[in-house]
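Student: I'd like to go through this one and ask where the labels come from. Can we take it slowly?

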Amino acid sequence: MTPGSGELQAGGLERGELELTGRITTASNATFLGSIGGVPVVYKPVAGEHPLWDFPDGTLANREVAAYRVSEAFGWKVVPRTWLRDGPMGPGMVQLWQDADPEQDAVDLVPWEVGPGTGWRRVFDGRDEQDRAVTLVHEDSVALRRMAVFDIVVNNADRKGNHILAMPDGHRHGVDHGLTFHVEHKLRTVLWGWLGDALSAEELDGVDRVRAGLDGDLGVTLGGLLDADELEALAARCDRLRAAGRFPAPRGQMPAVPWPLF
């Protein structure tokens with residue numbers, strides 16, 4: 001069943017019984033696989049969120065939904081449909097499951113001597129656990145550029161390689177957006193390959209749509225999910241990015257990339 005199906009339009013995913021079918025044990029917070037009326041979903045209960053030193057307790061589910069709302073304002077479908085609802089372990093975030101293509105990797109580690117190759121961007125060089133020279137690379141695609149712009153705007157502190165789902169049709173979904181919208185600069189991502197490059201007109205238009213939305217319906221919606229100072233910081237990031245017109249460079253004392261990378 002797709003997001004445009006009759007059940008979704010009728011609100012069945014919001015009100016239907018959420019049945020758990022498994023657990024993703026590699027996730028840092030409690031994350032479950034489930035289904036609603038046969039539609040596969042991911043469920044992250046607020047009760048399963050581990051406390052963090054730099055994010056308020058019990059807010060990660062709200063941030064995931066806020067990220068989806070901003071994604072929709074961009075118009076690029078970066079984030080799969082995400083919403084808040086009750087579940088077997090209490091209120092939490094629910095997101096439509098995506099069947100990614102296991103044969104595609106949007107981000108990869110390659111031998112240093114191979115380099116990024118055509119259609120790829122170099123992020124940095126380093127050494128792996130066997131002390132071999134390697135290079136972190138990501139594809140140079142419109143879909144991934146859009147995700148990088150989205151991450152700048154939402155201040156994503158955890159864009160790992162495995163948080164990018166390569167879909168069979170070439171689309172790229174981003175998932176795991178609990179660490180977003182902090183008032184302080186927190187951008188940590190593997191998508192640094194366009195550092196200093198000019199944003200395209202289409203990308204600038206996307207930033208403009210989000211910024212305009214903050215003064216309208218998007219701002220009202222996000223006001224129920226984020227604090228007022230977080231909304232002000234979001235607007236300021238849009239303004240700075242629009243004024244610069246370029247992909248930013250890392251800054252501050254925090255690491256520029258998440259760990260682990262995948």
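Student: How many aromatic pairs does a search of the whole structure find?

Tutor: Four aromatic pairs. Rings of Phe, Tyr and Trp (its six-membered ring) pair if their centres lie within 6.5 Å; planes under 30 degrees apart count as stacked, over 60 as edge-to-face and the rest as tilted. Keep in mind that this is a predicted model, where local features need pLDDT of at least 70 and side-chain atom pairs count only at pLDDT 80 or more, while totals for chains, interfaces and linings use all residues. Residues are numbered from 1 along each chain as its sequence is written, and side-chain values use heavy atoms, with hydrogens and water left out.

Student: What makes the pair of phenylalanine 74 and tryptophan 76 stacked?

Tutor: Their planes are 20 degrees apart and the centres 4.6 Å apart, so the pair counts as stacked.

Student: And why is the pair of phenylalanine 74 and phenylalanine 150 called edge-to-face?

Tutor: Here the planes stand at 65 degrees and the centres are 6.3 Å apart, so edge-to-face is the label. This pair links distant parts of the chain: phenylalanine 74 sits in helix H3 and phenylalanine 150 in helix H4, 76 residues apart. Helices (H or I, at least four residues) and strands (E, at least two) are DSSP runs, numbered from the N terminus. Together, Phe74, Trp76 and Phe150 form one aromatic cluster.

Student: What makes E1 and E2 a pair of strands?

Tutor: Two strands pair if DSSP finds at least two bridges between them. Five bridges join strand E1 (residues 18-23) to E2, so they pair, and they run antiparallel. E2 is also joined to strand E3 (residues 39-45) by five bridges, again antiparallel.

Student: What do E2 and E3 form?

Tutor: A hairpin, with two residues between the strands; glycine 37 in the turn has a positive phi of about 60 degrees.
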